[in-house]
Amino acid sequence: MIDRRNRPALIGSAVAGVIAFVLLWWLGLSPAIAWVAGWTLPAFAMYGIDKRQAEHGGWRVPEVLLHGLALVGGVLGAWAGRAVFRHKTHKPVFTVVLVVASVLWAAIAVIALLG
């Protein structure tokens, strides 16, 4: 069951990622590149939002959402958000998930470019 407080972040991220993907694809990017680019901004934004909430003691973005955004295609935004906001840098699980997502999306990119 999804906590009610998490719904806006989950739905907002999903809608933003899909809209960005469709727009970028419509503008002529390959589907794979449009997908990764489209999910980059929501992932980056969620890292920033979570960092701000952590500093101010507010509601937090669930870690599973941050992991999910990286795995679904926002890996570049997750790495960037982590670096820019200096957020989740001391949690080994985030490094593991981002490395796995990076390898996954690098493989998808190679397959897309060769296929």
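Visitor: Let's start with S13. Is S13 buried or exposed?

Guide: S13 counts as buried, because its relative accessibility is 2%. Buried means under 20% relative accessible area, exposed means over 50%, and partly exposed is in between, with a 1.4 Å probe and protein chains only.

Visitor: Before we go on, what sort of model is this?

Guide: It is a predicted model, where local features need pLDDT of at least 70, side-chain atom pairs count only at pLDDT 80 or more, and totals for chains, interfaces and linings use all residues. Residues are numbered from 1 along each chain as its sequence is written, and side-chain values use heavy atoms, with hydrogens and water left out.

Visitor: Back to S13, then. Which helix does S13 lie in?

Guide: S13 is in helix α1, residues 7-26. Helices are DSSP runs (H or I, at least four residues), numbered from the N terminus.

Visitor: And what does S13 touch, leaving out residues up to four places away in sequence?

Guide: P8, W39, P42, M46, L65 and L69. Contact here means heavy atoms within 4.5 Å.

Visitor: M46 is on that list. Where is M46 found?

Guide: In helix α2. M46 is buried, because its relative accessible area is 9%.

Visitor: What are the contacts of M46, again not counting residues up to four places away?

Guide: M46 touches A9, S13, V61, L65, L66 and L69.

Visitor: How far is M46 from G58?

Guide: They are 12 residues apart in sequence. In space they are 14 Å apart, C-alpha to C-alpha.

Visitor: Now the nonpolar core. How many residues are in the largest one?

Guide: It has 17 residues. A nonpolar core is a set of buried Ala, Val, Leu, Ile, Met, Phe, Trp, Tyr and Cys residues joined through side-chain atoms within 4.5 Å.

Visitor: Which members touch the most other members?

Guide: M46, Y47, L65, L66, L69 and L98. Helices α2, α3 (63-85) and α4 each supply at least two residues of this core.

Visitor: Which helix gives the most?

Guide: α3 does, with 6 residues.

Visitor: Why would such side chains gather like that?

Guide: In soluble globular proteins, nonpolar side chains tend to be buried together.

Visitor: What does L66 touch?

Guide: Beyond residues up to four places away in sequence, L66 touches M46, Y47, D50, V61, K88 and F94.

Visitor: Tell me about D50. Is D50 buried or exposed?

Guide: D50 is buried, with a relative accessible area of 0%. D50 sits in helix α2. Setting aside neighbours within four places in sequence, D50 is in contact with R60, V61, L66, H87 and K88.

Visitor: What about R86? Is R86 buried or exposed?

Guide: R86 is exposed, with a relative accessible area of 68%. R86 is also found in the loop between α3 and α4. Phi of R86 is positive, near 50 degrees, and R86 is not a glycine.

Visitor: Switching to helix packing. At what angle do α3 and α4 pack?

Guide: At about 80 degrees, with their axes 9 Å apart. Axes are lines fitted to C-alpha atoms, for helices over the stretch in contact, and angles run from 0 to 180 degrees between N-to-C directions. So α3 and α4 are roughly perpendicular to each other. Angles of 65 to 115 degrees count that way, under 35 is roughly parallel, over 145 is roughly antiparallel and the rest are oblique.

Visitor: And how do α2 and α4 cross?

Guide: The axes of α2 (residues 31-56) and α4 (residues 92-114) come within 11 Å and cross at roughly 160 degrees. That makes α2 roughly antiparallel to α4.

Visitor: Which residues meet there?

Guide: A32, W35, V36 and Y47 in α2 meet F94, L98, W105 and A112 in α4.
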